[in-house]
Amino acid sequence: MTHSSGTSADSSPENSESQDISSRAQRESIVVIDFGSQYSMLIARRVRESKVYCEIISHKADWESVARLNPKGVILSGGPASVYDDNAPLAPDWVYENGLPVLGICYGMQVMAHQLGGTVAPSSKKEYGQAQMRQNAPDLRIFQGLPPSMQVWMSHGDQITEPPPGFRSLASSENSPIVVMGNDEGMFGIQFHPEVAHTPQGKELLENFLYGVCGCLPVWTPGNFVNDSIGRIQEQVGDGKVICALSGGVDSAVAASLVQQAIGDQLTCIFVNNGLMRKGEVQQVRDTFQRHFKTNLVYADATENFLGALIGVTDPERKRKIIGEEFIRVFDEEAARIGTVDFLAQGTLYPDVIESETQGDDISAKIKTHHNVGGLPEHMRLNLVEPLRYLFKDEVRNVGLELGLPEDIVYRQPFPGPGLAIRIIGEVTLDKLEILREADAIVLEEISASGLYRDTWQSFAVLTDTRSVGVTGDYRTYGHVIAIRAVNSDDAMTADWARLPFDVLARMSSRISNEVPNVNRVVYDITSKPPGTIEWE
Ligand code: XMP
């Protein structure tokens, strides 16, 4: 294989050019070889933000498994190892043998130097944090449009002391003589992290590699993704029947509308109302899918079954288990009514795929975490249609907008499968659900009115199991305590309590205690995760 530096579309007639560009968006890619860096996923996201398709692959991947992606270049990620560690992960030989451009980042650069005959040694001064990179050689392939000196983010103990044969130093810093190296074959190593925000011009440098060195086109766009996915779904499904469980969340909504655009009536969505949704949510989901998208929608109001099964239950994990099992029962029953079904469409996202691939999970384990259920019964182990399998969350939202889904659904904050049941401490009853729904609606209304909804990861109300004394007019009251929870987070693994403005909190508090019967006290949860969790149960 040789470098692809031209654009095959350039010489095509206009209409075939746009078709060609659309299919190139899916046919060409950059692969990121993962050496365990906390930043591997960020590198992939940055590449895709520059509209070039990108996947993360294992450092053990063989060429046959990678060739299907039609890679135009390879990025070697950073990682915690030193090349001199026993069992230090190395790049597979095909990386250096088939003529693809390569960009090694941090450990990726050291691996490249080590495998190609250079010298890597522990730095006398380790570099963590900001550094100034100065170009030694004006290499316009990688430095196009960049100043001779720029701020970069370092995080390394080892460094390159001798570049491999054919490579030269292109830039240095105060503590490292070789911060960027390159050869004439389009192979580059950089000691800093261009993918992090602390390297302000990292995006330009990455794009020089993608567009200039690898010859990629910026064509990985939501529109091209939708066109390509429709074709793929049609091919996979043929004239088979597909079912999809709608939850009200963005992932299942986008997956369902993509499948619906591809195969229309062959798709039936099943929406189970578990009686644990927020105020107005059930109606909104039904309206969107039935009226707006004209989807075949089976609506099952199983409120009584769920609430019946939850009577007397206070343990959070038992609540989850009961709700999961009940969901499967209702879903199975509704699916059976549809007749023969061939496929199950799911809104699985790329981070779940990466996580389960790295943990070696099987598909049934993924269904379990995805739907929060105890596993589908044997007869329902259907073939999966997972059109979002290679997308990050922000890409899913962009695809949702492209498909015409309302912003209310596209930008919806995450909501747990067991719904309000894990936001009512203790037993779930209809009365308590009513109180929590009203209080929660006020929290969401006020956070939206203050323009903070999209910037907040999750914001909601919790009905505690505490009663407290209050006073209304001349009367002493003994009412419920509502807790407001709002957090900022990137991925729900860690979270910081949101510093909501006092006036927003004040409006929430006064409205909840005035408008929601039997509530006389409102508190704000100022616990981060860890040590707390986002939900109270
Ligand atoms: P915690 O409370 O563990 O929550 O910090 C992390 C994220 O997961 C959501 N969550 C759930 N989602 N089923 C779900 O589908 C569950 O049982 C569940 N429990 C927590 C929570 O809302 C947050 O986004």
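## A hairpin with a two-residue turn

Let's start with β15 and β16, which make a hairpin with two residues between them. Gly-473 sits in that turn and has a positive phi of about 60°. The two strands cover residues 458-472 (β15) and 475-488 (β16), run antiparallel and are joined by twelve bridges. One example is Val-471, whose bridge partner in β16 is Arg-476. Strands count as paired here if DSSP finds at least two bridges between them.

A quick word on where this comes from: the model is predicted, so to speak of a local feature takes a pLDDT of at least 70 and side-chain atom pairs count only at pLDDT 80 or more, while totals for chains, interfaces and linings use all residues. Residues are numbered from 1 along each chain as its sequence is written, and side-chain values use heavy atoms, with hydrogens and water left out.

## The whole chain

Zoom out and you'll find 18 helices and 18 strands in the chain. These are DSSP runs numbered from the N terminus, with helices being H or I of at least four residues and strands being E of at least two. Along the principal axes, the C-alpha atoms fill a box of roughly 85 × 55 × 45 Å.

The chain has 537 residues, and 54% of them count as buried. Buried means under 20% relative accessible area, exposed means over 50%, and partly exposed is in between (1.4 Å probe, protein chains only). Now take the contacts (heavy atoms within 4.5 Å). Of those with a separation of 6 or more, 74% are between residues 24 or more positions apart.

## Domains and the core between them

Nine residues from domain 1 and nine residues from domain 2 take part in their contact.

What about the inside? The largest nonpolar core has 51 residues, and Ile-243 and Ile-512 have the most contacts inside it. A nonpolar core is a set of buried Ala, Val, Leu, Ile, Met, Phe, Trp, Tyr and Cys residues joined through side-chain atoms within 4.5 Å. Helix α17 (residues 430-449) gives the most to this core, with eight residues. Domain 2 and domain 3 both give residues to the core, so it lies between them.

## Two buried loop residues

Thr-456 is in the loop between α17 and β15, and it is buried, with a relative accessible area of 6%. Setting aside neighbours within four places in sequence, Thr-456 is in contact with Gln-413, Ile-447, Ala-486, Val-487 and Asn-488.

With neighbours within four places left aside, Ala-61 is in contact with Val-66, Pro-92 and Trp-94. Trp-94 is 33 residues from Ala-61 along the chain, and their C-alpha atoms are separated by 9.7 Å.

Technical notes. Domain bounds come from an automatic or database domain assignment.
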